[in-house]
Amino acid sequence: PENLLGMQAAIEQAMKSHEILSISDPQTLAHVLTTGVQSSLNDPRLIISYEPNNLEAPQQAPALTNLTQEELLSRLQMNVHHEILEGNVGYLRVDDLPGKEVLSKLGEFLVTHMWSKLMGTSALVLDLRHCTGGHISGIPYVISYLHPGNTVLHVDTIYDRPSNTTTEIWTLPQILGERYSADKDVVVLTSGRTGGVAEDITYILKQMRRAIVVGERTEGGALDLQKLRIGQSNFFLTVPVSRSLGPLGGGSQTWEGSGVLPCVGTPAEQALEKALAILTLRRALPRVVHHLQEALQDYYTLVDRVPALLHHLASMDYSSVVSEEDLVTKLNAGLQSVSEDPRLLVRAVGPKETSSGPEAEVDDTLVAAPVVPEIPKDEAALQALVDSVFQVS
């Protein structure tokens, strides 16, 4: 409502505009009005459309209470899909988030036939690339199963304009089955079509630092859009009627209108491949740290600084590491700060530079020693090498 200041004057100005009043084509008029409203309110979600065939307001979906459990289950299975990927990575694709009514009715089935199978995985990919809608009441369920610990957390407050009410969203104090372990990574996949409730879930998990978001900036839609007939005409106004107020973003930040930025940007069709590569790296992190600790313990000349370095490596927060470059930067900053020794250096090398075979794992590409060049056997090459190293006169 606070953005409506000056809107009345803008409408009156448009009513006096001969240029607008002289538009005879209704589709063109709808486009002009949409552009005017969007620019005045700086909100791309507002759309005015001309729909002469839309004689009534949009038909409401049949009430879920009228559906049998089998019908609910059939509808759910169309929109929710799960499997176990290579590397024991769980994959859960949600295209339309069901609400509290469906989830509470089918909760035991979901836990037994879907969630319990994902519990044994080493990491989870939540695919929201095709999720363009859903029910606000379903948000606490998704967050609660990924929220570590049994403490309840206030994750959002929703303001509904038509009823002028606010609803707080908290994680559930108790759930059917188990929560996904806090020690396991979660990746959320997004696209430019990810909208509404799916954006709110993505935003909450990102702010909680519970998930790595991979893909494209989300749509920047709304939790609830309504299409309203303008007077008795064939023109309709599509308008957001509900709004997220935080609180995890501090109140001033929001995903509505602007979308959620991914932690790792990549085209949506490549997001799953990118996510699996990130999870492969993160799965190798404990081995990388362990090998680094061993190397420092066995070789580092400043022995008195080794205990502090080992402690630092063990206590570092690796939650933001999504690439080898991230890891190298973090390790070097930490090791050099603790040791006060700029010579202490970790670097990532390509597979050609390592002496390991083709089966070398991720942690074999992180080395802390220089590569020794081979001595050429050809006499001319040997002479050239000597001349480049020694200057004799």
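Reader: Before the count, what is a cavity here, on the 1 Å grid?

Author: A cavity is a set of grid points where a 1.4 Å probe fits but cannot get out. The structure examined with this rule is a predicted model.

Reader: How many cavities of 30 Å³ or more are there by this rule?

Author: The count comes to one cavity of 30 Å³ or more. The volume of the largest cavity is about 30 Å³.

Reader: Which residues line the largest cavity?

Author: The lining consists of Val94, Leu97, Leu126, Leu128, Cys131, Val142, Val197, Ala198 and Ile201. By class, nine of the lining residues are nonpolar, with no polar and no charged ones.

Reader: And which helix gives the largest share of that lining?

Author: Helix H8, residues 197-207, gives the largest share, with three residues. H8 also lies across E5, strand E9 (185-190) and E10, and runs at about 145° to E9.

Reader: Then on to the sheet with those strands. What is the strand order in the six-stranded open sheet?

Author: The order is E2-E3-E5-E9-E10-E14, with mixed pairing. Strand E2 (80-85) and strand E14 (264-265) stand at the edges with a single partner strand each, so one side of each has no neighbour in the sheet.

Reader: In which sense do E10 and E14 pair?

Author: Strand E10, residues 212-215, pairs with E14 in the parallel sense, over two bridges. Valine 214 has valine 264 of E14 opposite.

Reader: At the E2 end, how many bridges join E2 to E3?

Author: Six bridges join E2 to E3, and the two strands run antiparallel. Valine 80 stands opposite valine 94 in E3. Val94 is also listed in the lining of the largest cavity.

Reader: What lies between E2 and E3 in the hairpin?

Author: Three residues lie between the two strands of the hairpin, and glycine 87 in the turn has a positive phi of about 85°.

Reader: Which strands does helix H6 lie across?

Author: Helix H6, residues 107-119, lies across E2, strand E3 (89-94) and strand E5 (123-127). The helix runs at about 30° to E2.

Reader: Now the three-stranded open sheet. In what order do the strands come?

Author: The order is E1-E12-E11, and the pairing is antiparallel. Strand E1 (47-50) and strand E11 (225-229) are the edge strands, each pairing on one side only. From one strand to the next, the twist averages 25°.

Reader: Which helix packs on that sheet?

Author: Helix H3, residues 26-41, packs on the sheet and touches E1 and E12. The direction of H3 makes about 175° with that of E1.

Reader: How many bridges join E11 to E12?

Author: Five bridges join E11 to strand E12, residues 235-240, in an antiparallel arrangement. Leucine 228 has leucine 237 as its bridge partner in E12.

Reader: One last topic, the helices H9 and H11. At what angle do their axes cross?

Author: The axes of helix H9 (residues 271-299) and helix H11 (residues 324-339) cross at roughly 30° and come within 12 Å. The crossing of H9 past H11 is right-handed.

Reader: Which residues make the contact of H9 and H11?

Author: H9 contributes Leu281, Leu285, Val288, Leu292 and Leu296, while H11 contributes Glu324, Leu327, Leu331 and Leu335. By class, the contact has eight nonpolar residues, no polar ones and one charged residue.

Definitions and conventions:
Residues are numbered from 1 along each chain as its sequence is written. This is a predicted model: local features need pLDDT of at least 70, side-chain atom pairs count only at pLDDT 80 or more; totals for chains, interfaces and linings use all residues. Side-chain values use heavy atoms; hydrogens and water are left out. On a 1 Å grid over the protein atoms alone, a cavity is a set of points where a 1.4 Å probe fits but cannot get out, and a pocket is an open set with protein on both sides within 12 Å along at least five of seven lines; lining residues have an atom within 4 Å of a point. Grid points are joined across faces, edges and corners, and a volume is the space filled by probe spheres set on the points. Helices (H or I, at least four residues) and strands (E, at least two) are DSSP runs, numbered from the N terminus. Ala, Val, Leu, Ile, Met, Phe, Trp, Tyr, Cys and Pro count as nonpolar, Asp, Glu, Lys and Arg as charged, and the others, Gly among them, as polar. Two strands pair if DSSP finds at least two bridges between them. Axes are lines fitted to C-alpha atoms, for helices over the stretch in contact, and angles run from 0 to 180 degrees between N-to-C directions. Contact means heavy atoms within 4.5 Å. A crossing is left-handed if the near helix is turned anticlockwise from the far one by less than a right angle, and right-handed if clockwise.
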